[in-house]
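These are my notebook entries on one chain, kept in the order in which I looked things up. I began with the overall fold and ended with single residues.

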Amino acid sequence: MRDINTVLTTVNYSDEHFLTLAEAFAPAKVIRLRANDNEGIQKALKTADVAVLSRDLDERFLQAPLLRWVHCDHAGLNKFAGPEIFERELLVTSSAGRSAPVLAEHAIFFMLNLAFQYPRFLDAQRAHQFGVPGQEDLRGLYGRTVGVIGLGNTGSELAVRLKAMGMNVLGYRRSAGSPPPGVDRLYCGENGDTLDELLSESDFVVLAVPLNNATHHLIGRRELSLMKRSACIINMARGAVIDEEALTEALYAGQIGGAGLDTFTKEPLPADSPLWDAPNTLITPHTTPQVPDRTGRTIDIIKENIRRYRAGEPLLNQLQESDIYTPEQKEANGGEESNGFQIPDLDGVEIGELQITDDVYSIHCTFNELFENKEAEAVLNKYLGESFRERSSYNLVKGITIDKMVDMAPQAMPAKLVFLINKELSKIKK
(Lines give C-alpha, C1' and ligand atoms only; values in the text may rest on other atoms or scores of the structure.)
Protein backbone atom coordinates (compact mmCIF):
# COMPACT_ATOMS: atom_id res chain seq x y z
CA MET A 1 0.00 0.00 0.00
CA ARG A 2 1.45 3.38 -1.04
CA ASP A 3 0.35 6.62 0.62
CA ILE A 4 -0.12 9.97 -1.10
CA ASN A 5 0.61 12.87 1.24
CA THR A 6 1.20 16.00 -0.84
CA VAL A 7 0.20 16.68 -4.46
CA LEU A 8 1.51 19.56 -6.59
CA THR A 9 -0.72 20.47 -9.54
CA THR A 10 -0.17 23.08 -12.27
CA VAL A 11 -3.09 22.12 -14.54
CA ASN A 12 -5.40 24.97 -15.50
CA TYR A 13 -8.69 23.30 -14.57
CA SER A 14 -11.97 25.01 -13.77
CA ASP A 15 -12.86 25.18 -10.07
CA GLU A 16 -15.37 22.35 -10.59
CA HIS A 17 -12.83 20.05 -12.20
CA PHE A 18 -10.16 20.98 -9.66
CA LEU A 19 -12.52 20.09 -6.81
CA THR A 20 -13.11 16.68 -8.42
CA LEU A 21 -9.36 16.16 -8.72
CA ALA A 22 -8.72 17.22 -5.11
CA GLU A 23 -11.46 14.88 -3.86
CA ALA A 24 -9.87 11.99 -5.77
CA PHE A 25 -6.54 12.61 -3.98
CA ALA A 26 -8.13 13.07 -0.53
CA PRO A 27 -6.98 13.01 2.21
CA ALA A 28 -3.74 14.21 0.61
CA LYS A 29 -2.89 17.93 0.64
CA VAL A 30 -3.19 19.45 -2.87
CA ILE A 31 -1.06 22.50 -3.75
CA ARG A 32 -2.52 24.39 -6.72
CA LEU A 33 -0.06 26.60 -8.63
CA ARG A 34 0.31 28.21 -12.04
CA ALA A 35 2.77 26.55 -14.41
CA ASN A 36 4.92 29.72 -14.48
CA ASP A 37 5.14 30.06 -10.67
CA ASN A 38 8.74 28.86 -10.51
CA GLU A 39 9.33 29.93 -6.93
CA GLY A 40 6.15 28.26 -5.70
CA ILE A 41 6.92 25.05 -7.61
CA GLN A 42 10.45 24.86 -6.17
CA LYS A 43 9.03 25.21 -2.66
CA ALA A 44 6.24 22.65 -3.22
CA LEU A 45 8.68 20.10 -4.63
CA LYS A 46 10.39 19.88 -1.26
CA THR A 47 7.37 18.00 0.13
CA ALA A 48 5.34 16.74 -2.85
CA ASP A 49 5.29 13.01 -3.56
CA VAL A 50 2.91 13.32 -6.55
CA ALA A 51 2.63 16.01 -9.27
CA VAL A 52 -0.03 16.63 -11.94
CA LEU A 53 1.47 18.92 -14.58
CA SER A 54 0.11 20.87 -17.51
CA ARG A 55 3.50 20.62 -19.24
CA ASP A 56 6.40 18.17 -19.50
CA LEU A 57 8.47 17.58 -16.41
CA ASP A 58 11.99 18.98 -16.26
CA GLU A 59 15.14 18.67 -14.15
CA ARG A 60 13.44 20.24 -11.12
CA PHE A 61 11.17 17.22 -10.81
CA LEU A 62 14.01 14.74 -11.15
CA GLN A 63 15.73 16.42 -8.22
CA ALA A 64 12.64 16.56 -5.99
CA PRO A 65 13.52 14.42 -2.92
CA LEU A 66 10.11 12.84 -2.22
CA LEU A 67 8.51 12.80 -5.68
CA ARG A 68 7.45 9.33 -6.81
CA TRP A 69 4.75 9.83 -9.47
CA VAL A 70 4.27 12.54 -12.12
CA HIS A 71 1.24 12.78 -14.40
CA CYS A 72 1.64 14.97 -17.50
CA ASP A 73 -1.71 16.24 -18.78
CA HIS A 74 -1.16 15.49 -22.47
CA ALA A 75 -0.74 12.41 -24.65
CA GLY A 76 2.89 12.12 -25.79
CA LEU A 77 5.76 11.74 -23.32
CA ASN A 78 8.58 11.60 -25.88
CA LYS A 79 9.93 15.08 -25.06
CA PHE A 80 11.21 13.88 -21.72
CA ALA A 81 11.43 10.11 -22.17
CA GLY A 82 15.08 9.73 -21.25
CA PRO A 83 16.88 7.00 -19.30
CA GLU A 84 17.24 9.31 -16.28
CA ILE A 85 13.54 8.76 -15.53
CA PHE A 86 14.20 5.09 -14.86
CA GLU A 87 17.48 5.71 -13.06
CA ARG A 88 15.47 7.93 -10.69
CA GLU A 89 12.73 5.21 -10.47
CA LEU A 90 10.12 7.88 -11.13
CA LEU A 91 6.66 6.80 -12.31
CA VAL A 92 5.51 9.00 -15.23
CA THR A 93 2.06 8.77 -16.81
CA SER A 94 0.11 10.67 -19.46
CA SER A 95 -3.46 11.42 -20.51
CA ALA A 96 -3.17 9.32 -23.68
CA GLY A 97 -6.52 7.99 -24.84
CA ARG A 98 -8.71 10.88 -23.73
CA SER A 99 -9.01 12.15 -27.34
CA ALA A 100 -8.66 8.80 -29.12
CA PRO A 101 -12.18 8.79 -30.68
CA VAL A 102 -11.70 12.12 -32.44
CA LEU A 103 -8.10 11.36 -33.37
CA ALA A 104 -9.55 8.33 -35.17
CA GLU A 105 -12.09 10.65 -36.83
CA HIS A 106 -9.21 12.94 -37.86
CA ALA A 107 -7.51 10.04 -39.65
CA ILE A 108 -10.79 9.20 -41.41
CA PHE A 109 -11.16 12.89 -42.36
CA PHE A 110 -7.80 12.67 -44.14
CA MET A 111 -8.69 9.36 -45.79
CA LEU A 112 -12.06 10.54 -47.10
CA ASN A 113 -10.64 13.80 -48.41
CA LEU A 114 -7.84 11.98 -50.22
CA ALA A 115 -10.13 9.26 -51.60
CA PHE A 116 -12.70 11.79 -52.82
CA GLN A 117 -9.97 14.27 -53.86
CA TYR A 118 -12.05 16.90 -52.12
CA PRO A 119 -9.58 19.81 -52.50
CA ARG A 120 -10.11 19.61 -56.28
CA PHE A 121 -13.89 19.77 -55.83
CA LEU A 122 -13.55 22.70 -53.42
CA ASP A 123 -11.44 24.56 -55.99
CA ALA A 124 -14.09 23.78 -58.61
CA GLN A 125 -16.85 25.05 -56.32
CA ARG A 126 -15.02 28.32 -55.76
CA ALA A 127 -14.57 28.65 -59.52
CA HIS A 128 -18.30 27.84 -60.05
CA GLN A 129 -17.20 24.78 -62.02
CA PHE A 130 -19.49 21.73 -61.92
CA GLY A 131 -17.15 18.76 -61.46
CA VAL A 132 -13.51 17.90 -62.07
CA PRO A 133 -11.73 15.78 -64.70
CA GLY A 134 -11.47 12.09 -63.76
CA GLN A 135 -14.20 12.17 -61.14
CA GLU A 136 -15.74 8.99 -62.59
CA ASP A 137 -12.62 7.03 -61.62
CA LEU A 138 -12.68 7.91 -57.92
CA ARG A 139 -13.20 5.13 -55.38
CA GLY A 140 -14.47 5.40 -51.83
CA LEU A 141 -13.10 3.63 -48.77
CA TYR A 142 -15.50 0.69 -48.86
CA GLY A 143 -13.77 -2.54 -49.88
CA ARG A 144 -10.28 -1.08 -49.78
CA THR A 145 -7.39 -2.06 -47.49
CA VAL A 146 -5.99 0.04 -44.67
CA GLY A 147 -2.89 -0.70 -42.60
CA VAL A 148 -2.97 0.71 -39.05
CA ILE A 149 0.51 0.84 -37.52
CA GLY A 150 0.11 1.10 -33.76
CA LEU A 151 -2.94 -0.33 -32.00
CA GLY A 152 -3.00 1.66 -28.80
CA ASN A 153 -5.86 3.99 -27.94
CA THR A 154 -6.13 5.80 -31.28
CA GLY A 155 -5.30 2.80 -33.48
CA SER A 156 -7.85 0.60 -31.74
CA GLU A 157 -10.60 3.22 -32.03
CA LEU A 158 -9.71 3.67 -35.70
CA ALA A 159 -9.76 -0.05 -36.52
CA VAL A 160 -13.32 -0.44 -35.23
CA ARG A 161 -14.56 2.54 -37.24
CA LEU A 162 -12.83 1.54 -40.47
CA LYS A 163 -14.15 -2.02 -40.22
CA ALA A 164 -17.65 -0.60 -39.79
CA MET A 165 -17.09 1.31 -43.04
CA GLY A 166 -16.43 -1.95 -44.86
CA MET A 167 -12.65 -1.76 -45.14
CA ASN A 168 -10.16 -4.63 -44.90
CA VAL A 169 -8.13 -3.71 -41.80
CA LEU A 170 -4.52 -4.80 -41.32
CA GLY A 171 -2.87 -3.98 -37.98
CA TYR A 172 0.68 -3.88 -36.66
CA ARG A 173 1.83 -3.64 -33.07
CA ARG A 174 4.92 -4.49 -31.05
CA SER A 175 3.36 -7.02 -28.66
CA ALA A 176 2.01 -10.45 -29.61
CA GLY A 177 -1.57 -11.51 -28.94
CA SER A 178 -4.99 -11.85 -30.50
CA PRO A 179 -6.22 -9.26 -33.03
CA PRO A 180 -8.18 -6.44 -31.36
CA PRO A 181 -11.74 -5.68 -32.52
CA GLY A 182 -11.94 -4.53 -36.13
CA VAL A 183 -8.56 -5.95 -37.21
CA ASP A 184 -8.76 -8.65 -39.90
CA ARG A 185 -5.06 -9.53 -39.91
CA LEU A 186 -2.53 -8.72 -37.19
CA TYR A 187 1.26 -8.43 -37.52
CA CYS A 188 3.34 -8.42 -34.32
CA GLY A 189 6.96 -7.36 -33.86
CA GLU A 190 7.41 -9.89 -31.05
CA ASN A 191 6.54 -12.66 -33.52
CA GLY A 192 9.19 -11.49 -35.95
CA ASP A 193 6.67 -9.82 -38.29
CA THR A 194 7.79 -6.80 -40.27
CA LEU A 195 5.84 -3.96 -41.85
CA ASP A 196 6.60 -5.11 -45.39
CA GLU A 197 3.41 -7.03 -46.18
CA LEU A 198 1.16 -4.44 -44.56
CA LEU A 199 2.82 -1.64 -46.52
CA SER A 200 2.65 -3.42 -49.86
CA GLU A 201 -1.02 -4.43 -49.53
CA SER A 202 -2.52 -1.23 -48.09
CA ASP A 203 -4.35 1.51 -49.98
CA PHE A 204 -4.00 3.69 -46.89
CA VAL A 205 -1.32 3.48 -44.18
CA VAL A 206 -2.12 5.17 -40.87
CA LEU A 207 0.59 5.84 -38.28
CA ALA A 208 -0.60 5.81 -34.66
CA VAL A 209 2.54 4.76 -32.78
CA PRO A 210 4.32 6.59 -29.94
CA LEU A 211 7.64 8.22 -30.81
CA ASN A 212 10.63 6.44 -29.31
CA ASN A 213 14.02 5.18 -30.42
CA ALA A 214 12.45 2.19 -32.18
CA THR A 215 9.89 4.24 -34.13
CA HIS A 216 12.11 7.21 -35.05
CA HIS A 217 12.05 7.27 -38.90
CA LEU A 218 10.05 4.05 -38.85
CA ILE A 219 8.89 5.07 -42.33
CA GLY A 220 11.82 5.92 -44.59
CA ARG A 221 12.77 5.54 -48.24
CA ARG A 222 12.68 1.76 -48.14
CA GLU A 223 9.25 1.61 -46.51
CA LEU A 224 7.80 4.21 -48.89
CA SER A 225 9.15 2.22 -51.84
CA LEU A 226 7.10 -0.79 -50.70
CA MET A 227 3.81 1.11 -50.86
CA LYS A 228 1.51 1.12 -53.88
CA ARG A 229 1.92 4.14 -56.16
CA SER A 230 -1.75 4.91 -55.47
CA ALA A 231 -1.50 4.48 -51.68
CA CYS A 232 -1.72 7.37 -49.20
CA ILE A 233 -0.01 7.70 -45.83
CA ILE A 234 -1.65 9.34 -42.80
CA ASN A 235 0.43 10.52 -39.82
CA MET A 236 -1.47 10.80 -36.55
CA ALA A 237 1.67 9.93 -34.54
CA ARG A 238 4.62 12.34 -34.28
CA GLY A 239 6.51 13.97 -37.12
CA ALA A 240 9.79 12.14 -36.58
CA VAL A 241 8.11 8.75 -37.10
CA ILE A 242 8.47 9.58 -40.82
CA ASP A 243 11.68 10.60 -42.56
CA GLU A 244 10.27 13.89 -43.91
CA GLU A 245 12.94 14.25 -46.57
CA ALA A 246 12.15 10.79 -47.93
CA LEU A 247 8.41 11.50 -47.76
CA THR A 248 8.79 14.78 -49.63
CA GLU A 249 10.78 13.08 -52.37
CA ALA A 250 8.19 10.30 -52.68
CA LEU A 251 5.29 12.76 -52.94
CA TYR A 252 6.90 14.96 -55.59
CA ALA A 253 8.05 11.92 -57.58
CA GLY A 254 4.59 10.38 -57.53
CA GLN A 255 6.01 7.32 -55.78
CA ILE A 256 2.95 7.27 -53.48
CA GLY A 257 -0.52 8.66 -54.01
CA GLY A 258 -0.68 11.30 -51.28
CA ALA A 259 -0.48 12.11 -47.59
CA GLY A 260 -2.49 13.46 -44.68
CA LEU A 261 -0.17 15.05 -42.12
CA ASP A 262 -1.06 16.45 -38.71
CA THR A 263 2.40 16.35 -37.13
CA PHE A 264 5.87 17.36 -38.26
CA THR A 265 9.50 17.08 -37.19
CA LYS A 266 9.61 20.84 -36.64
CA GLU A 267 6.47 22.64 -35.48
CA PRO A 268 5.12 25.00 -36.59
CA LEU A 269 5.94 23.67 -40.05
CA PRO A 270 8.34 26.24 -41.58
CA ALA A 271 6.81 28.42 -44.29
CA ASP A 272 9.49 27.32 -46.75
CA SER A 273 8.89 23.59 -46.22
CA PRO A 274 8.26 21.83 -49.55
CA LEU A 275 5.54 19.77 -47.85
CA TRP A 276 3.14 22.74 -48.08
CA ASP A 277 2.96 22.37 -51.86
CA ALA A 278 3.53 18.62 -52.17
CA PRO A 279 1.11 16.93 -54.60
CA ASN A 280 -2.09 15.53 -53.10
CA THR A 281 -1.03 16.41 -49.57
CA LEU A 282 -3.32 17.60 -46.78
CA ILE A 283 -1.93 19.43 -43.75
CA THR A 284 -3.47 20.26 -40.37
CA PRO A 285 -1.49 22.12 -37.67
CA HIS A 286 -1.21 19.40 -35.02
CA THR A 287 -4.70 20.06 -33.79
CA THR A 288 -7.83 17.92 -33.49
CA PRO A 289 -11.35 18.94 -32.38
CA GLN A 290 -11.97 18.08 -28.75
CA VAL A 291 -14.10 15.30 -27.33
CA PRO A 292 -16.91 16.36 -24.98
CA ASP A 293 -15.52 17.07 -21.48
CA ARG A 294 -11.92 16.25 -22.33
CA THR A 295 -10.83 17.35 -18.84
CA GLY A 296 -13.37 15.01 -17.29
CA ARG A 297 -11.97 12.13 -19.34
CA THR A 298 -8.47 13.06 -18.16
CA ILE A 299 -9.58 13.08 -14.53
CA ASP A 300 -11.08 9.62 -15.03
CA ILE A 301 -7.62 8.39 -16.08
CA ILE A 302 -5.99 10.09 -13.07
CA LYS A 303 -8.61 8.71 -10.66
CA GLU A 304 -8.01 5.16 -11.87
CA ASN A 305 -4.27 5.69 -11.52
CA ILE A 306 -4.70 7.01 -7.98
CA ARG A 307 -6.43 3.75 -7.10
CA ARG A 308 -3.70 1.72 -8.84
CA TYR A 309 -0.89 3.73 -7.26
CA ARG A 310 -2.24 3.24 -3.76
CA ALA A 311 -2.76 -0.48 -4.48
CA GLY A 312 0.74 -0.89 -5.91
CA GLU A 313 -0.59 -1.89 -9.36
CA PRO A 314 0.84 -0.90 -12.79
CA LEU A 315 -0.45 2.52 -13.88
CA LEU A 316 -2.36 3.41 -17.05
CA ASN A 317 -0.22 5.10 -19.72
CA GLN A 318 2.94 4.54 -17.69
CA LEU A 319 6.23 5.40 -19.38
CA GLN A 320 8.24 2.23 -20.08
CA GLU A 321 11.92 1.77 -20.88
CA SER A 322 10.89 0.81 -24.43
CA ASP A 323 9.48 4.37 -24.74
CA ILE A 324 12.89 6.00 -24.29
CA TYR A 325 13.56 8.64 -26.95
CA THR A 326 16.99 10.23 -27.25
CA PRO A 327 16.83 12.46 -30.34
CA GLU A 328 20.15 14.13 -29.54
CA GLN A 329 21.89 10.81 -30.18
CA LYS A 330 20.14 10.48 -33.52
CA GLU A 331 21.12 14.01 -34.52
CA ALA A 332 24.73 13.20 -33.69
CA ASN A 333 24.47 10.23 -36.03
CA GLY A 334 23.00 12.16 -38.94
CA GLY A 335 19.42 11.67 -37.85
CA GLU A 336 19.61 7.88 -37.70
CA GLU A 337 19.79 5.60 -34.70
CA SER A 338 23.28 4.35 -34.01
CA ASN A 339 23.45 0.74 -35.12
CA GLY A 340 26.08 -0.26 -32.57
CA PHE A 341 27.76 -2.72 -34.98
CA GLN A 342 31.36 -3.58 -34.16
CA ILE A 343 32.63 -3.41 -37.73
CA PRO A 344 36.16 -4.84 -37.91
CA ASP A 345 39.01 -3.57 -40.04
CA LEU A 346 38.00 -4.77 -43.51
CA ASP A 347 41.13 -3.63 -45.34
CA GLY A 348 42.68 -6.56 -47.17
CA VAL A 349 39.54 -8.70 -46.99
CA GLU A 350 38.85 -10.27 -50.34
CA ILE A 351 35.41 -11.53 -51.23
CA GLY A 352 35.43 -15.02 -52.71
CA GLU A 353 32.91 -17.70 -53.61
CA LEU A 354 31.28 -19.68 -50.81
CA GLN A 355 29.53 -23.00 -51.21
CA ILE A 356 26.47 -22.74 -48.96
CA THR A 357 24.44 -25.90 -48.41
CA ASP A 358 21.04 -26.32 -46.80
CA ASP A 359 22.43 -28.02 -43.69
CA VAL A 360 24.51 -25.06 -42.49
CA TYR A 361 23.74 -21.58 -41.22
CA SER A 362 24.13 -18.57 -43.52
CA ILE A 363 23.04 -14.99 -44.04
CA HIS A 364 19.87 -16.37 -45.60
CA CYS A 365 18.68 -17.35 -42.11
CA THR A 366 16.58 -14.96 -40.00
CA PHE A 367 18.09 -13.29 -36.95
CA ASN A 368 15.67 -15.31 -34.81
CA GLU A 369 16.97 -18.57 -36.28
CA LEU A 370 20.61 -17.56 -35.87
CA PHE A 371 20.23 -16.48 -32.26
CA GLU A 372 18.68 -19.86 -31.43
CA ASN A 373 22.08 -21.49 -32.02
CA LYS A 374 24.91 -20.67 -29.60
CA GLU A 375 27.66 -20.85 -32.24
CA ALA A 376 25.73 -18.68 -34.70
CA GLU A 377 24.90 -16.26 -31.87
CA ALA A 378 28.62 -15.95 -31.10
CA VAL A 379 29.32 -15.01 -34.73
CA LEU A 380 26.64 -12.27 -34.66
CA ASN A 381 27.89 -10.95 -31.33
CA LYS A 382 31.41 -10.80 -32.73
CA TYR A 383 30.48 -8.62 -35.69
CA LEU A 384 27.26 -6.85 -34.63
CA GLY A 385 27.98 -6.36 -30.94
CA GLU A 386 26.54 -8.15 -27.93
CA SER A 387 24.02 -5.33 -27.39
CA PHE A 388 22.47 -5.79 -30.83
CA ARG A 389 19.81 -8.23 -29.61
CA GLU A 390 18.91 -6.03 -26.65
CA ARG A 391 18.23 -2.86 -28.62
CA SER A 392 14.62 -1.71 -28.94
CA SER A 393 14.82 -1.73 -32.74
CA TYR A 394 15.67 -5.44 -32.76
CA ASN A 395 11.96 -6.32 -32.65
CA LEU A 396 11.58 -4.67 -36.05
CA VAL A 397 14.32 -6.73 -37.73
CA LYS A 398 14.48 -10.06 -35.90
CA GLY A 399 12.24 -11.80 -38.42
CA ILE A 400 14.31 -10.85 -41.46
CA THR A 401 17.56 -12.21 -42.87
CA ILE A 402 21.04 -10.65 -42.87
CA ASP A 403 21.16 -10.50 -46.65
CA LYS A 404 17.97 -8.43 -46.55
CA MET A 405 19.60 -6.10 -44.03
CA VAL A 406 22.19 -5.33 -46.70
CA ASP A 407 19.49 -3.57 -48.70
CA MET A 408 18.02 -1.88 -45.62
CA ALA A 409 21.30 -0.58 -44.14
CA PRO A 410 24.12 -0.79 -46.73
CA GLN A 411 26.47 1.48 -44.74
CA ALA A 412 26.16 -0.66 -41.61
CA MET A 413 26.36 -3.95 -43.53
CA PRO A 414 29.06 -3.54 -46.22
CA ALA A 415 29.67 -6.42 -48.58
CA LYS A 416 33.00 -7.41 -47.00
CA LEU A 417 31.39 -7.63 -43.54
CA VAL A 418 28.56 -9.77 -44.90
CA PHE A 419 31.11 -12.07 -46.54
CA LEU A 420 32.99 -12.53 -43.27
CA ILE A 421 29.80 -13.29 -41.34
CA ASN A 422 28.66 -15.72 -44.03
CA LYS A 423 32.05 -17.43 -44.10
CA GLU A 424 31.93 -18.14 -40.37
CA LEU A 425 28.25 -19.10 -40.31
CA SER A 426 28.72 -21.59 -43.12
CA LYS A 427 31.03 -23.64 -40.89
CA ILE A 428 28.20 -24.27 -38.38
CA LYS A 429 25.92 -27.25 -38.93
CA LYS A 430 22.21 -26.80 -38.28
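**Entry 1: terms and model.** I count two strands as paired if DSSP finds at least two bridges between them. Helices (H or I, at least four residues) and strands (E, at least two) are DSSP runs, numbered from the N terminus. The model is predicted, so I note that local features need pLDDT of at least 70 and side-chain atom pairs count only at pLDDT 80 or more, while totals for chains, interfaces and linings use all residues. Residues are numbered from 1 along each chain as its sequence is written, and side-chain values use heavy atoms, with hydrogens and water left out.

**Entry 2: the chain as a whole.** I found 17 helices and 12 strands in the chain. Along the principal axes, the C-alpha atoms fill a box of roughly 75 × 65 × 40 Å. I take buried as under 20% relative accessible area, exposed as over 50% and partly exposed as in between (1.4 Å probe, protein chains only). Of the 430 residues, 50% are buried. Contact means heavy atoms within 4.5 Å. Among the contacts with a separation of 6 or more, 63% are between residues 24 or more positions apart.

Entry 3: In what order do the five strands of the open sheet lie? I read the order as 2-1-3-4-5, with parallel pairing. Strand 2 (29–32) and strand 5 (91–94) are at the edges with a single partner strand each, so one side of each has no neighbour in the sheet. I take angles from 0 to 180 degrees between N-to-C directions, with axes as lines fitted to C-alpha atoms, for helices over the stretch in contact. Neighbouring strands here are turned by 15° against each other on average, direction ignored.

I then looked at the pairing of strand 1 (residues 6–9) with strand 2: the two run parallel and are joined by four bridges. T9 has R32 of strand 2 as its bridge partner, and T6 stands opposite K29 in strand 2.

Helix 1 (residues 15–25) lies across strand 1, strand 2, strand 3 (50–53) and strand 4 (69–72), at about 150° to strand 2. Helix 11 (residues 294–311) lies across strand 3, strand 4 and strand 5, at about 165° to strand 4.

Entry 4: Seven strands form an open sheet with parallel pairing, in the order 8-7-6-9-10-11-12. Strand 8 (185–188) and strand 12 (281–283) are its edge strands, each pairing on one side only. In this sheet, neighbouring strands are turned by 15° against each other on average, direction ignored. I found three bridges between strand 11 (residues 258–261) and strand 12, which run parallel; G260 stands opposite L282 in strand 12. Helix 7 (residues 153–164) packs on the sheet and touches strand 6 (145–149), strand 7 (168–173) and strand 9 (204–207), with its direction at about 170° to that of strand 6.

**Entry 5: single residues.** Which way do the residues of strand 1 point? T6 and L8 point one way, V7 and T9 the other way, and all are buried. T6 has a relative accessible area of 10%, which is why I list T6 as buried. Not counting residues up to four places away in sequence, T6 touches A28, K29, I31, T47, A48, D49 and V50.

T298 lies in helix 11 and counts as buried because its relative accessibility is 0%. Leaving aside neighbours within four places in sequence, I found T298 in contact with Y13, H71, D73, S95 and R98.

G82 lies in the loop between strand 4 and helix 4 (84–87) and counts as buried at 8% relative accessibility. Its C-alpha atom is separated by 6.3 Å from that of T326, 244 residues apart along the chain.

**Entry 6: cavity search.** I define a cavity, on a 1 Å grid over the protein atoms alone, as a set of points where a 1.4 Å probe fits but cannot get out; lining residues have an atom within 4 Å of a point. Grid points are joined across faces, edges and corners, and a volume is the space filled by probe spheres set on the points. How many cavities of 30 Å³ or more does the whole structure hold? The search finds one. The largest cavity holds about 40 Å³ of space. Its lining consists of N235, G239, I242, E244, L247, L261, T263, F264 and L275. I class Ala, Val, Leu, Ile, Met, Phe, Trp, Tyr, Cys and Pro as nonpolar, Asp, Glu, Lys and Arg as charged, and the others, Gly among them, as polar. On that basis the lining has five nonpolar, three polar and one charged residue.

Technical notes
1 Å grid on protein atoms, 1.4 Å probe; cavity = no way out; pocket = protein on both sides within 12 Å on 5 of 7 lines; lining within 4 Å.
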